[in-house]
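Work through the exercises below with the sequence and the model open. Each task is followed by a worked solution.

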Amino acid sequence: MTNIFELLKGNPEDSDYEKKGVIVQGITGSYGSIHAKQMIAYGTNVVAGVTPGKGGQKFEETVPIYNTMQEAVDETNAKISIIYVPAKFFLSAAKDALNSGIKLLVAIPEHVPIRDTMEALQLAKEKGAVIIGPNTPGIMIPELIKIGIMPPMPFKAGKIAVLSKSGTLLYEISDALTNAGFGQSITIGIGGDPVNGTRLIDAFEMVKDIPDLEGLVIVGEIGGDSEEMLAQKIIDSGFNKPSVAYIAGRAAPKEKRMGHAGAIVMGTYGSAESKVSMFNKANIPVAKRPAEVPVLLAGKMEK
Amino acid sequence: MQLLEFQAKELFREYGISLLDSISSTNIEEGRKHAKELGYPFVIKIQVPVGGRGKAGGIQKCQNDDEFDIKYPQVMDLEIKGEKARAILLEKMADIKKELYLSIFLNRSKRCYTIIASAEGGVEIESVKNQIIKEIGLGDVSDEIANEVAKEMGLEGITAKGVADTLKKLSKLTIEKEAELVEINPLAIMQDDTVMALDGKFVTDDNANFRHDELLKYQEKSEIEKQAEKSGFSLVELDGDIAVVGNGAGLVMSTLDMLSDNGGKPACFLDVGGGATTESVYEALTLISKLDRVKGILVNLYGGIVKTTVVAEAFLKAYENNLIDIPVFSRLKGTESEKAKEMLQGSRTNMFDSIEEAINAAVMGVKK
């Protein structure tokens, strides 16, 4: 399994330990440029940008821009990239990155066709790379590195891992956790699409062995069965750190897509009841409201 | 988007999947003409984009003109799971031996296309027994796999050949149109052992629409939904009286849940989206103002990329232009929320520190 911390931080003997380089694909676009600036402000080491046709220019007078990922990777040796291009161009940007040696690809765009996601995933598998997203807020180690679009305020360094399908609920719940004194060791946005590069079970694999992990928060929503698979995995693995879940969409009508492409209940497949009952089976309490998450987590820790 | 049966069947026909004769109509005069062309007996089938039509009385046998005049309007007036008839399909009656189940769907957790087949079809997928499930990657179904599935279903001779052939056509259709799900239930074995698709379900991947102009004619969106798409927010109409507005699909769903838990009835789900501007939020409020059933607006914002001040400004503009004359209950948090609260002070917006308080006030407020 990919060691996500090694990818994000590196090893203490590395010259770039805790300053791993990140390439921004689509850095000159309106969305890409705003977020590249915010990532830099947070302390992320943005080493290059890629925009075809704008090679040779500089972003904010400091970050070199290249025409292709190959050039950017050759020059910087970066293993991480983040994609801000429109959904239509996601697949070609992802192929460009994966074929150039990128090992962690964070895919921000919403509305990527599922077939394109699946093709990108196939290539990632061949190359031994990880894709987070698409339609994700990104991934971060609070107070160290932010590869994504999340605002900084809700997050604080700590020992709770948060995995979330939704962006704003990730902010909302992390905010509630932070206020209750629970900082986060890592937060991973799975994304709201039907097919996710990193599923909840994959994200769980990434975080379950963090040595000083004190708890796990899972923010799910209706649609698909990744929550059920995760609950089963938690049962099977005997993972026993305090864990709490939240599921959005209990009141949503069936067979309607609720904003996220993946948030749809077909028959009983993808229903909130199914997810809640699996978490109950795994002895993981499910909060009724976002604000209840830290309360339940504290309760679990007392036991 | 889920297509209607007759639309799915148009695609089936294009790909050479065997079908009974059928004609769709949208009014009884047109229907009468089709009845003559088709000849009795036939089946009258309501066209709605949801399942469970048979149970709800949306599929009726019809033997003659008298029955037609009674049953056609009956079926047309039905409402199934809140969906009104889009059309009526008249389809020849079939003399069948057995009903099978066949589908190809995009397997979210396995991230590949997957076949489900069963020799016991004709019921909802959850109740289909002895399912044969095969993951097939991203490419077409090979002869080998198609024959294997037919064999595992316990079929022989012409029927096995027919099922294998149908499966290959179905996979070609699924892959070329980038469908999320294509289902034939039932696939019937006829008296002469050939097979025919008696029903059809087709769910598109709307994110791939830009590559499929040929599917655009099937798109069914209300004016309001079209406008929402154009302005970059997502909106689902619901039947209650409190409009729910927020940023992020997860947060808005969560707000719907809490509102329902507290006895409120949501009138719509409105996610202003990550790229919201004052203009697009104003556009959203314009849409809400057109929904007559709305008696109050509940706003739940966690400002991140979208500044809460941007949203506050849109509300102020809406009050100024008398666009909104119903109460607004809001909880603002995150980027620039203090400033947003200041801006809205003394306006029509009732502000609350927690979403729970805002919800309680909204539920009480619309009861007045």
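**Exercise 1. The interface**

Task: In this predicted model, find how many residues of chain A are in contact with chain B, then describe the chain A side.

Solution. 
- Start with the counts. 48 residues of chain A are in contact with 39 residues of chain B.
- Next, assign elements on chain A. Helix H5 (114–127), helix H6 (167–179) and helix H8 (226–237) of chain A each give two or more residues to the side that touches chain B.
- Then sort that side by residue type. It divides into 23 nonpolar, twelve polar and 13 charged residues.

**Exercise 2. Chain B as a whole**

Task: Which domains does the domain assignment give for chain B? Describe the overall build of the chain as well.

Solution. 
- Take the bounds. Domain 1 covers 21–92, domain 2 covers 96–216 and domain 3 covers 223–367.
- Compare two positions. The C-alpha centres of domain 2 and domain 3 of chain B are 43 Å apart.
- Get the extent. The C-alpha trace of chain B spans about 80 × 50 × 35 Å along its principal axes.
- Count the elements. Chain B has eleven helices and 18 strands.
- Check burial. Of its 368 residues, 46% count as buried.
- Finish with contact range. Among contacts in chain B with a separation of 6 or more, 67% are between residues 24 or more positions apart.

**Exercise 3. Around strand S17 of chain B**

Task: Is strand S17 (residues 328–334) of chain B mostly covered or mostly uncovered? Trace its pairing on to the neighbouring strands.

Solution. 
- Look at burial. S17(B) is mostly covered, with seven of its seven residues buried.
- Pair it with strand S16 (residues 296–303) of chain B. The two strands run parallel and are joined by seven bridges. One bridge partner pair is B:Tyr302 and B:Lys333, the latter in S17(B).
- From S16(B) the chain passes through helix H9 (residues 308–320) of chain B to S17(B), in a right-handed β-α-β crossover.
- Move to strand S18 (residues 349–351) of chain B. S17(B) pairs with S18(B) in the parallel sense, over three bridges. Here B:Ser330 has B:Met351 in S18(B) as bridge partner.

**Exercise 4. A serine in a strand**

Task: Why does B:Ser118 count as buried?

Solution. 
- Locate it. B:Ser118 belongs to strand S8 (residues 112–118) of chain B.
- Apply the cut-off. A residue is buried if 20 or more other C-beta atoms lie within 10 Å of its own. B:Ser118 counts as buried because it has 23 C-beta neighbours inside 10 Å.
- B:Leu102 is 16 residues away along the chain, with a C-alpha separation of 6.7 Å from B:Ser118.
- List contacts beyond four places in sequence. They are B:Leu100, B:Tyr101, B:Val128, B:Lys129, B:Asn130, B:Gln131, B:Ile132 and B:Met153.

**Exercise 5. The nonpolar cores**

Task: Which residues touch the most other members of the largest nonpolar core?

Solution. 
- Name them. In this core of 149 residues, they are A:Ile83, A:Leu105, A:Val217, B:Val244, B:Leu270 and B:Leu298.
- Find the leading element. Helix H7 (residues 249–261) of chain B gives the most to this core, with seven residues.
- Examine one member. Beyond four places in sequence, A:Val217 touches A:Ile160, A:Val162, A:Ile173, A:Leu177, A:Val244, A:Val293 and A:Leu297.
- Separate the other core. Apart from the largest one lies a core of 55 residues, including B:Ile46, B:Tyr72, B:Val75 and B:Leu102.

Conventions
Residues are numbered from 1 along each chain as its sequence is written. Chains are lettered from A and ligands numbered from 1 in the order in which they are written. This is a predicted model: local features need pLDDT of at least 70, side-chain atom pairs count only at pLDDT 80 or more; totals for chains, interfaces and linings use all residues. Domain bounds come from an automatic or database domain assignment. Two residues are in contact if their C-beta atoms, placed from the backbone, lie within 7 Å. Helices (H or I, at least four residues) and strands (E, at least two) are DSSP runs, numbered from the N terminus. Ala, Val, Leu, Ile, Met, Phe, Trp, Tyr, Cys and Pro count as nonpolar, Asp, Glu, Lys and Arg as charged, and the others, Gly among them, as polar. A residue is buried if 20 or more other C-beta atoms lie within 10 Å of its own, exposed if 12 or fewer, and partly exposed in between; C-beta atoms are placed from the backbone. Two strands pair if DSSP finds at least two bridges between them. A crossover is right-handed if, with the strands pointing away from the viewer, the path from the first strand over the helix to the second runs clockwise. A nonpolar core is a set of buried Ala, Val, Leu, Ile, Met, Phe, Trp, Tyr and Cys residues joined through C-beta atoms within 7 Å.
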